[in-house]
Amino acid sequence: MSFAAPSAAAPRPTSQPPRIALVLGSGGVRSIAAIGAVDRLAREGIRPDLVVGCSSGALFGATIAMGMNAREALETATGLWSSELTQQKRWRALPQLIAPKWAGFDADFSLRDNRLIAQRLRSAFGTRQLQELALPLRVVATDAATGQRVVLTEGSVVDALLASMAVPFIFPSVEIGGRRLVDGVVSDPLPVGVASDAQLVIALGFDGAMPRRPNCAKRLAAQATTAMINNLMHARLAAARASGQQIVSLQLALERRVGLWETGAMPVLCEAGRRAAEASLPALWAALEGRAEPLAA
């Protein structure tokens with residue numbers, strides 16, 4: 001598996017409060033719309049100087065933080081996101097469920113193996129560290145023991161992404177800094193609060209699709225967890241706005257429902273991201289022109 005080499009990135013600017021933050025929430029393959037949105041906004045001279053990502057948003061946000069252009073990011077993402085990654089079953093999972101004491105059920109249990117995911121991530125990001133990227137990238141995960149949000153700003157990009165996408169029960173947790181971390185969606189599905197130091201936040205988040213017919217245990221559980229995640233996302237967003245954060249949300253208009261692992265829809269999603277960014281331009285310009293300092297191209 002080969003990936004596009006990223007364009008040479010400019011050195012990261014000296015440390016200062018970010019002017020524009022791009023915050024990407026969990027949304028499966030739909031999160032790739034951020035690549036099209038960033039490409040469209042760049043033509044207007046609107047560029048983020050901070051990226052915050054959770055789960056799939058962290059994955060696609062990492063391609064932006066690396067300095068890839070839209071073509072490179074799309075090519076890389078196509079190799080990183082595929083349904084086969086979720087089909088790597090662990091042979092011990094079934095006996096651990098049936099006979100937990102005998103088979104050694106513990107906090108590291110998972111139905112799926114994440115080694116293929118890790119391999120793909122290493123192919124794309126290598127040994128890069130978060131603090132070395134062209135743009136600062138804050139990756140959101142969750143402390144499995146406490147449920148608290150964890151924001152990763154240093155260390156291995158691959159480890160941070162593995163942790164942020166480690167759906168509990170499905171994929172194994174990832175230990176970083178002595179903490180067992182799982183998917184960031186558990187604590188903050190659209191982490192706008194992580195960019196509270198930014199003057200303006202451009203947010204791309206998604207409501208999870210509720211099961212149409214909860215006619216089995218899996219769908220019934222999904223109905224409850226999806227409702228909780230959706231409510232948490234909206235509550236966090238409302239709290240951030242109430243605290244005074246200036247947030248412009250991108251609204252993705254799709255003609256049909258897109259599956260979480262539908263890689264064939266990636267080009268369409270990127271175009272939808274471009275359209276969403278264009279539709280948001282009046283709100284963005286109004287927010288930016290309300291500031292005393294001029295917009296930096």
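The buried residues of helix H3 pack against H1, helix H2 (56–65), helix H6 (115–125) and H9. This is a predicted model, where local features need pLDDT of at least 70, side-chain atom pairs count only at pLDDT 80 or more, and totals for chains, interfaces and linings use all residues. Residues are numbered from 1 along each chain as its sequence is written, and side-chain values use heavy atoms, with hydrogens and water left out.

Helices (H or I, at least four residues) and strands (E, at least two) are DSSP runs, numbered from the N terminus. H3 covers residues 70–80, and its buried residues include Glu72, Thr76 and Leu80. Buried means under 20% relative accessible area, with a 1.4 Å probe and protein chains only.

Now the pair H1 and H9. Their axes, lines fitted to C-alpha atoms over the stretch in contact, come within 7 Å and cross at roughly 45°. That makes H1 oblique to H9. Contact means heavy atoms within 4.5 Å. Among the residues making it are Ile35 and Arg40 of H1 and Leu269 and Glu278 of H9.

Next, Gln245. It sits in the loop between helix H8 (217–242) and strand S8 (247–249). Gln245 is buried, at 13% relative accessible area. Its contacts include Val192, Ser196 and Ala240, leaving out residues up to four places away in sequence.

| Atom one | Atom two | Distance |
|---|---|---|
| Val192 backbone oxygen | Gln245 side-chain polar atom | 3.1 Å |
| Asn69 side-chain oxygen | Arg71 backbone nitrogen | within 3.1 Å |

The Asn69 pair lies at the start of H3.

Methods:
Buried < 20%, exposed > 50% of the residue type's maximum accessible area, 1.4 Å probe, protein only. Polar contact = N/O pair within 3.5 Å; in protein donor to acceptor, adjacent residues only side chain to side chain. Axes fitted to C-alpha atoms, helices over the stretch in contact; angles between N-to-C directions. Parallel < 35°, antiparallel > 145°, perpendicular 65-115°, else oblique.
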